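I opened the model to look up how its parts are arranged. My entries follow in the order in which I made them.

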Amino acid sequence: MVHLDPAPAMFAAMLDGWATQQRARFLKADTIKARIDLVRRFAHFTGQYPWQ
């Protein structure tokens, strides 16, 4: 499968991996969601992805 726009797919995969890592550390779902939401809001605010 080839993504037409790979950047959003990479961003989603990065956040999924980070969420998995946090679950492995037994963090609560609310904590993980708040952190993921913060990164998404920041990316939306800046209009760029974290690696840019």
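**Loop.** I started at phenylalanine 26, which lies in the loop between α1 and α2. Helices here are DSSP runs of H or I with at least four residues, numbered from the N terminus. The model is predicted, so I kept to its limits: local features need pLDDT of at least 70, side-chain atom pairs count only at pLDDT 80 or more, and totals for chains, interfaces and linings use all residues. Residues are numbered from 1 along each chain as its sequence is written, and side-chain values use heavy atoms, with hydrogens and water left out.

The phi of phenylalanine 26 is positive, near 65°, in a residue other than glycine. I then looked up its relative accessible area, which is 77%, and noted phenylalanine 26 as exposed. The classes are buried under 20%, exposed over 50% and partly exposed in between, with a 1.4 Å probe and protein chains only.

**Helix α1.** I checked the length next. α1 has 19 residues, which should span 27 Å at 1.5 Å a residue, and its end C-alpha atoms are 27 Å apart, in agreement. The expected span is 1.5 Å times one less than the number of residues.

Which residues of α1 are buried? I listed Phe11, Leu15, Ala19 and Gln22. They cover an arc of only 70° around the axis, so they sit on the same side of α1. The arc is taken from the directions from the helix axis to the C-beta atoms. The face turned away from that buried side carries the exposed residues Pro6 and Ala24. The buried residues of α1 pack against α2.

**Glutamine 22.** I gave this residue of α1 its own entry. Its relative accessibility is 0%, which puts glutamine 22 in the buried class. Leaving out residues up to four places away in sequence, glutamine 22 touches Leu27, Ile32, Arg35 and Ile36. Contact means heavy atoms within 4.5 Å.

**Helix α2.** α2 has 18 residues and reaches 26 Å from its first C-alpha to its last, close to the 26 Å expected at 1.5 Å a residue. I found Ile32, Ile36 and Ala43 buried in α2. They cover an arc of only 25° around the axis, and therefore lie on the same side of α2. The cover over these buried residues includes α1 (6-24). On the face turned away from the buried side I noted the exposed residues Asp30, Leu38, Arg41, Phe42, His44 and Phe45. Just after α2, glycine 47 takes a positive phi of about 75°.

**Core.** The largest nonpolar core has six residues: Phe11, Leu15, Ala19, Ile32, Ile36 and Ala43. α1 and α2 each supply at least two residues of this core. I used the rule that a core is a set of buried Ala, Val, Leu, Ile, Met, Phe, Trp, Tyr and Cys residues joined through side-chain atoms within 4.5 Å. I also looked up isoleucine 36: leaving aside neighbours within four places in sequence, isoleucine 36 is in contact with Leu15, Trp18, Ala19 and Gln22.

**Salt bridge.** How many salt bridges are there? I counted one, taking a side-chain nitrogen of Lys or Arg within 4 Å of a carboxyl oxygen of Asp or Glu. Lysine 33 pairs with aspartate 37, with the closest N and O atoms 2.6 Å apart. The two are four residues apart in helix α2 (residues 29-46), and so about one helical turn separates them. Lysine 33 is exposed at 51% relative accessible area, and aspartate 37 is partly exposed at 22%.
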